[in-house]
Amino acid sequence: MEKQLTSRLTLQDTHIVETIAKLQRRISERFPDSGLQHLCGELLEVGRSASQRSQEIGRPIRHIRFASYLLLAGLIGSLIVLIFSIAQPATTDLSSDDMKLPNLIAMADSSSQVMLLLSAGIYFLISLETRLKRRRALTAIHELRSMCHIIDMHQLTKDPERVLSNFRGTDNSPRQKMTPLELNRYLDYCSEMLSLTGKIAALYVKNFDDPASVAAVSEVEQLSTGLSRKIWQKIMILNQSVGISTPTRNPNPQ
């Protein structure tokens, strides 16, 4: 029962990819061969790539782990040698030249230096694996941040007042040929794409609990939420302008 609950609460990359693919089909039906459709196709490719990249980031880097285990074995071996070197004089004639106190101190000092170097090597390898994974995750998350801004650029000139009959543009005003319904759907598609971009970002920290990466994902989610909020303000203004109520989200909108 607990395992089933954990499975339901885990972000599934396949479901995200399926949702983006369905969104692209919806956009192609409403706006065939449009820039937004092609952009959603790029988001779909990013989602598929994120599914694979997030799994790779979550897996251990085997050759670094193997080197860490070797150093750990050397550290344990050095500790054992040091313990036996200290304990040996208790059962050995201390008058022997090899067991004199200065030699014992020198042996302990050299062993401690070796152990210190091995410990530093283990720490370096462990931190190296984290840094490599973090760099790959932050690079991918930066791509998603750029994707959010690109989506925002597509809706930037889609202003609600342009669909009104009394609107008069200038020679340099963007051309608007959408009906109020089409503009409503266009803005809603952009909002959905922004939300899905934030979900893709969350995949990179699903199996990699790194504070810097988690913070970067939170920034992308905040960015997508903020941009989506601006879009919904446009939708509300549009609906008020044409005299219809603001629609609620439909799980299967067209």
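Contact here means heavy atoms within 4.5 Å. The views below are taken from a predicted model.

Figure 1. From the N terminus on, the elements follow the order α-α-α-α-α-α-α. Of the 254 residues in the protein chain, 37% are buried. Among the contacts with a separation of 6 or more, 78% link residues 24 or more positions apart.

**Figure 2. Packing of helix α2 against helix α3.** The two axes are 9 Å apart and form an angle of about 170°. Angles over 145 degrees count as roughly antiparallel, so α2 is roughly antiparallel to α3. On the α2 side, the residues that meet α3 are Asp13, Val17, Ile20, Ala21, Leu23, Gln24, Ile27 and Ser28. Their counterparts in α3 are Leu36, Gln37, Cys40, Gly41, Leu43, Leu44, Gly47, Arg48, Ser51 and Gln55. By residue class, this contact comprises nine nonpolar, seven polar and two charged residues.

**Figure 3. Packing of helix α2 (residues 13–30) against helix α6 (residues 180–203).** The axes of α2 and α6 come within 11 Å and cross at roughly 160°. This angle makes α2 roughly antiparallel to α6, and the crossing is left-handed. From α2, the contact draws on Asp13, Ile16, Thr19, Ile20, Leu23, Arg26, Ile27 and Arg30. From α6, it is made by Leu181, Arg185, Tyr189, Glu192, Met193, Leu196, Lys199, Ile200 and Leu203. The residues of the contact between α2 and α6 comprise 10 nonpolar, one polar and six charged.

**Figure 4. The largest nonpolar core, a set of 45 residues.** Within this core, Ile20 and Met193 have the most contacts. At least two core residues come from each of α2, α3 (35–58), α5 (101–155), α6 and α7 (211–242). Helix α6 provides the largest share, 12 residues. Ile20 is also listed among the α2 residues that meet α3 and among those in the contact with α6.

Figure 5. Which residues is Met193 in contact with, leaving aside its neighbours within four places in sequence? They are Leu23, Ile27, Leu36, Leu39, Cys40, Leu43 and Ile151. Of these, Leu23 and Ile27 belong to the α2 side of the contact with α6. Leu36, Cys40 and Leu43 are among the α3 residues that meet α2.

How values were computed: Residues are numbered from 1 along each chain as its sequence is written. This is a predicted model: local features need pLDDT of at least 70, side-chain atom pairs count only at pLDDT 80 or more; totals for chains, interfaces and linings use all residues. Side-chain values use heavy atoms; hydrogens and water are left out. Axes are lines fitted to C-alpha atoms, for helices over the stretch in contact, and angles run from 0 to 180 degrees between N-to-C directions. Helices (H or I, at least four residues) and strands (E, at least two) are DSSP runs, numbered from the N terminus. Angles under 35 degrees count as roughly parallel, over 145 as roughly antiparallel, 65 to 115 as roughly perpendicular and the rest as oblique. A crossing is left-handed if the near helix is turned anticlockwise from the far one by less than a right angle, and right-handed if clockwise. Ala, Val, Leu, Ile, Met, Phe, Trp, Tyr, Cys and Pro count as nonpolar, Asp, Glu, Lys and Arg as charged, and the others, Gly among them, as polar. A nonpolar core is a set of buried Ala, Val, Leu, Ile, Met, Phe, Trp, Tyr and Cys residues joined through side-chain atoms within 4.5 Å. Buried means under 20% relative accessible area, exposed over 50%, partly exposed in between (1.4 Å probe, protein chains only).
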